[in-house]
Amino acid sequence: MSMNFSALGRMVRRFPRLHLALSAVLAITVVAMALSPESGESHSQRSQTVTLPKPEPRAEAGAEARPVAARETAPTPAPARPAPVAPEPDWIELEVQSGDTLSALLQEHGVTAAQVHRLVNGDDRLAALARIRPGETLGITLDDQGELNALRYHPTRVQTVKATLGDDGRWQVKSETREYQRRVRFAEATIDNSLFLAGHAAGMSDNLTMQLANIFGWDIDFVLDIRNGDRFRVLYEELYLDGEKVGVGNILAAEFWTQGRHLTAYRFETRSGDADYFDSEGRSMRKEFIRTPVAFSRISSRFSLGRKHPILNKVRAHRGIDYAAPSGTPIKAAGKGKVIFAGVKGGYGNVLILKHGQRYSTLYAHMRGFARGIRVGSRVNQGQTIGYVGMSGLATGPHLHYEFRVDGVHRNPQTVPLPKAQSVTDNEKPQFLVRAKRLEAQMTLFAEAATLASSNVL
Ligand SMILES: [Zn+2]
């Protein structure tokens, strides 16, 4: 599903109906926002310019250790910037300019190179200070003697690391991560060209549409199965910092109607802390196996048991499927498992065999090579790159020969029913059902508001 997104804009312009739909959706969003019971600022932690209490006078010993001479040897204040007023309890904000180093920046405020060294080496969380980049900001405070006694910076937009010089002369470091404010949003669309165009028309980012495709990708082939008139609804989070939208969070619930099927998915965090998507009964939306472990250009040979011709005695079975793909294309583990063979196997060239639990195994042949760290005994996760397409062994062109065995019997990888991944556990099910019901009700509320809004607008 590779798309040229700049082409999308042009396509949208060619389909004026999408424009109409888009403006309707925008209007809907406004109404929906007003109706949203959940929009608003939950567990947000506002950051403000913190003014530290007046720094405590340091212990005599500490002061002695750094004689005034240290400051006297500091270069005369640069005329470009006014020297800081000595007893300054407030934060001094510094912006990193191109070419600045931490020492250069701090030395302008009378901080010695030795102090900077002690600071950066005082704690792992301060080491990143050595790599500050233009545009980043730092805050510092100086004590009555004009010496650095606190510093704070933001390694990422949501993180603040604050270092304070303790009475014992050691740096005490605290790091805080701000929570995003999360607002629940709703979008819906009917597909009349492609999933991504429909997503665009509904005001969804490509990232969000991709999330949607990933949730349902186990049941719907978005290249082959999508028909005009298929439609979807999605409830998702938008992330804000200080009232400014900074991105899209997770999809909370989604529905898809395609070719007479209606699929529903709810996001749920299990007790192990992993979040995943489940249907209304708590069954995983995922399968234990990826149907196709490689991005292929075409199927060059299908699965066939090809019984031997009784007379010609010639027809050979092809107990796998051949996916033609450029040499070097990554091959993914079809499921979580363990490497039980990694080596050369006659005409199959470089072969990897994975065992998935007691009943299943998958085989990958003609590989150019294995991925780093892949050897017999390695454990792999589903989707992990295990090697690369090649034409080792007897092959007329680069392709992946892929086999799928159930209880030791070769099955057609294209059609074998794939087991579902782990469902919500019995213990967690009551909690899951409550959550699913709540999300369902929320989705219905948004959808009704949207219908109402569109009937007024159009
Ligand atoms: Zn083959």
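Tutor: Let's start with a definition: a salt bridge is a side-chain nitrogen of Lys or Arg within 4 Å of a carboxyl oxygen of Asp or Glu. For charge, Lys and Arg count as positive and Asp and Glu as negative, while His and the chain ends are not counted. Buried means under 20% relative accessible area, exposed over 50%, and partly exposed in between (1.4 Å probe, protein chains only). Keep in mind that this is a predicted model: local features need pLDDT of at least 70, side-chain atom pairs count only at pLDDT 80 or more, and totals for chains, interfaces and linings use all residues. Residues are numbered from 1 along each chain as its sequence is written, and side-chain values use heavy atoms, with hydrogens and water left out.

Student: What does the side chain of Asp230 reach, then?

Tutor: Look for polar contacts: pairs of N or O atoms within 3.5 Å; within protein, one must be able to donate a hydrogen and the other to accept it, and residues adjacent in sequence count only if both atoms are side-chain atoms. Here the Asp230 side chain reaches the backbone nitrogen of Arg227 at 2.9 Å, plus that of Gln259 at 3.4 Å.

Student: Where is Glu428 found?

Tutor: In the loop between β20 (409–411) and α10 (429–457). Glu428 is also buried with no salt bridge, and its nearest side chain of opposite charge, Arg271, is 4.2 Å away. The Glu428 side chain does reach the backbone nitrogen of Arg271, at 2.4 Å.

Student: Now helices. Which residues of α6 are buried?

Tutor: The general idea: an α-helix has 3.6 residues a turn, so residues three or four places apart point the same way. In α6 (residues 113–120), the buried ones are Gln115, Val116, Leu119 and Val120. They lie on the same side of α6 because they cover an arc of only 130 degrees around the axis, taken from the directions from the helix axis to the C-beta atoms. Exposed Ala114 and His117 are on the face turned away from that buried side.

Student: What covers the buried residues of α6?

Tutor: Going by contact (heavy atoms within 4.5 Å), the cover includes α5 (102–107), α7 (124–127), β3 (148–153), β4 (159–165) and β5 (171–177).

Notes:
Helices (H or I, at least four residues) and strands (E, at least two) are DSSP runs, numbered from the N terminus.
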